[in-house]
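Subject: Handing over the two-chain model

Hi,

Here is the structure I promised to pass on to you. Please have a look at it first, and then read my notes below.

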Amino acid sequence: MSEANASATRITPGNALRPEDIALLETRPADAVAQYALWLGDDALILAQRLGWWISRAPELEEDVALANIALDQIGHARSFLTYAGRAWDKTEDDLAYFRREPEFRSVHLVEQPNGDFARTIARQLVVALYQWELYSRLVDSADPTLAAIAAKAVKEVDYHRDHSTQWVLRLALGTEESRRRMIAGLKLTWPYVEELFTDHPLIDELGETGVRPSSLRAPFDAALQAVLDEAELELPAVPGAVGGGRLGRHSEHLGYILAELQVLAREHPGASW
Amino acid sequence: MTGGSTTGDDGATAPSTGLQEARAAWPLWEVFVRSSRGLSHVHAGSLHAPDAEMAVRNARDLYTRRNEGVSLWVVPASAIITSDPDAKDSFFESPQGKDYRHATYYTKSEGVKHL
């Protein structure tokens with residue numbers, strides 16, 4: 001682990017930055033940077049927990065593996081972001097994942113939405129993947145080298161998530177009458193939670209060149225989404241946005257149940273390892 | 001996709017007939033992977049996928065998880081013509097005893113260099 005203290009920018013394709021390396025970094029992020037890492041880490045963590053539900057329940061074994069892979073990618077991103085955030089407060093990734101209460105989580109409402117049927121999960125995946133790709137492909141230029149390194153690894157994986165959800169949107173939308181009906185319904189249920197992704201918060205002003213301004217991602221996201229919808233012969237759902245607040249710790253009813261399941265083992269057996 | 005798949009958090013499932021039909025609709029594909037050091041694609045296994053594009057993606061997820069490959073082929077299993085397992089004798093035992101088909105059968109002639 002002697003290399004672990006190396007700069008986070010020393011990242012190569014075969015030697016991507018790992019959470020274990022981040023934990024040993026000598027630099028500590030400023031509080032605002034850590035808060036921002038918490039945003040991104042919590043999004044990834046809660047989404048991964050949601051996706052994990054599909055394991056053993058996907059339509060086919062192959063799709064089971066695909067969704068599990070995506071969930072594991074997200075857990076990887078969450079581990080890196082949370083580990084880095086924790087450096088500011090002398091907390092580990094596990095402290096942050098397992099021992100924070102619901103109002104302390106900073107994830108957006110979109111990722112805590114129920115899986116619904118496969119089409120609804122795919123609709124949520126499409127939105128998340130397009131958003132995360134736009135975000136990470138800009139965060140690679142962050143003034144913070146650790147955030148940039150985490151984004152550099154994540155953007156390649158999210159590129160695949162984008163492709164996976166796009167392929168399924170096309171097949172469901174252009175498949176049978178029933179699959180199309182479900183795809184349209186899934187998009188409609190997902191749409192109210194899109195707006196929150198692009199809402200700026202005062203924290204962004206503090207970050208300067210370190211973070212990515214959410215509102216700046218809206219136009220490229222819309223263009224990317226429209227391209228998929230056009231190909232799938234779908235229309236943007238005409239439903240208003242829901243009230244957000246995830247970045248302020250205000251969550252929908254779903255997060256409590258997700259956290260109960262996520263945290264129960266670590267809280268029942270503090271310090272246990274497995 | 002299934003006509004009526006698992007419907008999510010409520011745990012309800014569709015009647016099994018829909019699921020059976022859907023399973024039958026996903027054809028089998030054979031997967032070939034070329035490793036970074038390999039010169040040719042080697043058969044890795046098989047999988048189910050609704051079409052060729054998804055088959056390549058499923059192959060990526062199932063057979064290249066540990067950096068195994070740099071290139072993937074998927075072939076519809078139905079497109080592969082196999083030898084008849086019952087015709088093993090006549091198909092594969094003929095070379096036995098025909099040692100002259102191996103280079104080692106021959107002795108070097110006197111004065112021949114660079115062999």
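A word on terms before we start: helices (H or I, at least four residues) and strands (E, at least two) are DSSP runs, numbered from the N terminus. Residues are numbered from 1 along each chain as its sequence is written, while chains are lettered from A and ligands numbered from 1 in the order in which they are written. Please keep in mind that this is a predicted model, in which local features need pLDDT of at least 70 and side-chain atom pairs count only at pLDDT 80 or more, whereas totals for chains, interfaces and linings use all residues.

Let me begin with chain B. Its secondary structure comes to 3 helices and 3 strands, and from the N terminus on the elements follow one another as α-β-β-α-β-α. The 3 strands form an open sheet in the order β2-β1-β3, with antiparallel pairing; two strands pair if DSSP finds at least two bridges between them. β2 and β3 (71-76) of chain B stand at the edges with a single partner strand each, so one side of each has no neighbour in the sheet. On average, neighbouring strands are turned by 30° against each other, direction ignored.

Strand β1 (residues 28-34) of chain B pairs with β3(B) over 6 bridges in the antiparallel sense. There, Val33(B) stands opposite Leu72(B) in β3(B). Helix α2(B) lies across β1, β2 and β3 of chain B and runs at about 130° to β3(B). For such angles, axes are lines fitted to C-alpha atoms, for helices over the stretch in contact, and angles run from 0 to 180 degrees between N-to-C directions.

How much of chain B is buried? Buried residues make up 18% of its 115 residues, where buried takes 20 or more other C-beta atoms within 10 Å of a residue's own, exposed 12 or fewer, and partly exposed lies in between, with C-beta atoms placed from the backbone.

Next, where the chains meet. The contact takes 19 residues from chain B and 21 residues from chain A; two residues are in contact if their C-beta atoms, placed from the backbone, lie within 7 Å. On the side of chain B that touches chain A, β2 (42-48) and α2 (52-63) of chain B each supply at least two residues. The largest share of that side, 6 residues, comes from α2(B). By class, that side of chain B divides into 7 nonpolar, 8 polar and 4 charged residues (Ala, Val, Leu, Ile, Met, Phe, Trp, Tyr, Cys and Pro count as nonpolar, Asp, Glu, Lys and Arg as charged, and the others, Gly among them, as polar).

Now to chain A. Helices α2 (residues 31-52) and α3 (residues 61-87) of chain A pack at an angle of about 155°, with their axes 7 Å apart. α2(A) and α3(A) are therefore roughly antiparallel to each other (angles under 35 degrees count as roughly parallel, over 145 as roughly antiparallel, 65 to 115 as roughly perpendicular and the rest as oblique). Their contact has 18 nonpolar, 4 polar and no charged residues.

Finally, two loop residues. Ser56(A), in the loop between α2 and α3 of chain A, has a positive phi of about 80° although it is not a glycine. Asp90(A) also has a positive phi, of about 55°, and is not a glycine either.

Best wishes
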